[in-house]
Amino acid sequence: MSVVISLLLLGLALLGTPLFIVIAASALLGFYSSDIDLSVVLIEFYRLAEMPILLAIPLFTLAGYLLSESKAPQRLVNLSNALLGWMPGGLAVVSLAICAIFTAFTGASGVTIIALGALLYPALTQAGYGQRFSLGLVTTSGSLGLLFAPSLPLILYGVIVQQLGVGSSLTVDDLFLAGALPGLLMVLALSAWSMWTNRGLSREQSDISIAAALRAAIWELPLPFIVLGGIYSGYFAVSEAAAVTALYVLVVEVLIHREIKLGDLSRIIRESMVLVGGILIILGVSLASTNYLIDAEVPVRLFDIMHAYIQDPLFFLLLLNVFLLLLGMMLDIFSALVIMVPLLLPVALGYGIDPLHLGIIFLANMQLGYLTPPVGMNLFIASYRFKVPVMQIYRSTLPFFFILLLTVLVITYWPGLSLYLPGLFATW
Amino acid sequence: MRIKDYLEHINNALRRFEDGLIVLMVLSMVLLAAGQIVLRNVFGGGLVWVDPFLRVMVLWLGLLGAMVATRHNNHITVDVLSRFLSAKIKYFIRIITGLFASVICAILAWHGARFMLAEYTAATEVFTGVPTWCCVLIIPVGFVVMSVRFFVHTFKPGAVQT
């Protein structure tokens with residue numbers, strides 16, 4: 001009976017039923033079958049109002065949307081190009097770095113392709129980079145940066161782990177540290193490849209002087225220092241850093257640069273809250289469904305079943321990679337986190353995997369899943385955005401895909417890469 | 001015809017109200033959260049009511065955002081199969097998934113209302129002077145609105161848009 005219902009719900013999800021509906025339905029059915037009052041689902045949902053860290057989600061999302069609607073991306077491109085444009089493949093490296101920073105702020109990867117792609121794709125082709133390379137680069141960059149603070153998926157993973165009450169010492173600050181080196185590895189690997197393939201390209205000379213570019217971007221420059229400096233120095237809590245960032249961006253883009261008109265402000269706020277609402281409502285109903293899963297001891301049973309067949313943690317990690325890659329193709333990162341982490345974390349802990357490391361593995365795989373043919377989401381967003389057949393996008397992203405796959409494997413099998421910085425700060 | 005105009009009127013008013021409330025809440029959230037930091041660091045302590053108030057606003061913004069997302073049919077979905085299906089099959093699927101979503105939201109709204117009533121009779125407070133049921137209010141309201149929107153959307157795609 002329960003198998004039939006599960007399959008039915010899965011079918012409905014695949015046919016395009018909003019995911020929060022499917023999760024809510026499974027929670028309702030679960031509690032109903034255990035004769036528990038169904039208002040428990042909404043009581044769990046209300047816990048959204050009891051977690052201080054969640055404040056960071058609307059605030060960072062707002063800041064990201066405001067930045068993407070202003071001319072800040074253009075200023076950032078000019079500045080980085082003035083600084084790095086002299087290198088072989090300089091503009092490609094610039095694109096990678098900017099997309100990574102930008103995705104870290106906006107979290108949702110589709111936004112990067114839409115906001116920055118329009119800027120970078122023509123710039124790359126004009127500078128003489130091949131169309132195929134440029135398309136692949138822009139599509140790939142769309143999900144680069146998920147591992148850098150203050151990305152929403154990192155925050156969300158921290159929230160979920162804290163809710164589960166296992167690996168209790170894990171904080172979002174730790175996650176921000178854990179993601180830094182693996183994220184850097186991805187950017188460096190892609191940069192090295194971009195420089196190598198474009199080594200024959202004549203160096204483009206930026207027509208904007210470094211001083212002028214610096215002056216133009218003077219107001220945006222303090223941002224990373226506010227966010228990262230504030231959090232890493234322990235001066236700000238994550239949600240406080242989010243508040244400062246949101247206020248700062250609001251003042252700079254609306255009052256100082258005046259690039260966002262007051263009339264547009266309400267539209268941008270609304271659009272950013274649609275994303276926030278989409279994430280929070282899934283998180284809210286999954287608080288209930290997770291509660292049911294734990295009551296029913298599903299994660300424990302899952303671990304017992306798996307452990308009967310797989311004893312080797314390395315083999316488990318390999319399976320995890322394949323599974324997460326498939327998952328990342330189909331699910332967006334937020335739903336994947338709230339659905340899978342409660343199931344995966346207890347199992348991974350059973351194999352002795354650090355919760356911090358699991359988080360980084362999870363996000364790194366998801367990021368790659370976005371680019372995995374045939375249904376990775378960024379491939380379709382790019383095809384739509386640049387009006388290019390999706391087959392051509394597949395071909396363009398393939399080399400980038402394999403490089404990222406390599407880095408994902410390194411990240412998976414070298415826990416030290418993720419755990420070094422958090423350990424360093426812990427002993428500090 | 002009269003009823004239809006009337007409903008349209010309500011729908012427009014509701015939309016404007018949601019939009020206004022979202023903007024108001026987001027801006028006050030930014031100012032209050034930032035103000036609290038200043039108070040804490042400069043004056044040695046923030047206002048007691050601000051932190052719980054901010055947390056409740058997260059819940060409200062989440063549901064308001066989800067209500068707006070339902071207007072545009074903008075919720076997070078898997079959407080793997082629909083690319084490969086014909087228009088006619090898609091039409092039937094839209095009806096099934098839409099009705100299902102509407103029913104689930106109605107159930108959530110009903111039990112949310114029961115939860116709110118329980119808080120009302122227990123007369124609990126989130127912080128001094130603010131009863132919990134007021135903060136819970138958005139749960140039944142939000143899910144009722146979403147239920148209606150999913151239902152309307154099922155039969156008249158585009159009717160609740162813009």
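**Exercise 1.** State how many salt bridges are counted between chain A and chain B, and describe one of them.

*Solution.* Step 1: a salt bridge is a side-chain nitrogen of Lys or Arg within 4 Å of a carboxyl oxygen of Asp or Glu. Step 2: between chain A and chain B, the count is three salt bridges. Step 3: in one, the side chains of B:Asp19 and A:Arg270 meet at 3.1 Å, N to O.

The model is predicted: local features need pLDDT of at least 70, side-chain atom pairs count only at pLDDT 80 or more, and totals for chains, interfaces and linings use all residues. Residues are numbered from 1 along each chain as its sequence is written, chains are lettered from A and ligands numbered from 1 in the order in which they are written, and side-chain values use heavy atoms, with hydrogens and water left out.

**Exercise 2.** Describe the contact between chain A and chain B.

*Solution.* Step 1: contact (heavy atoms within 4.5 Å) joins 57 residues of chain A to 56 residues of chain B. Step 2: the two chains bury about 4,900 Å² between them, 83% of it on carbon and sulfur atoms; buried area is the accessible area (1.4 Å probe) that two parts lose on being put together, summed over both.

**Exercise 3.** Determine how domain 1 and domain 2 of chain A are placed.

*Solution.* Step 1: domain 1 covers 1–36 and domain 2 covers 37–426, with bounds from an automatic or database domain assignment. Step 2: their centres, taken over C-alpha atoms, are 29 Å apart. Step 3: domain 1 gives 14 residues to the contact and domain 2 gives 15 residues. Step 4: zero salt bridges are counted between these domains.
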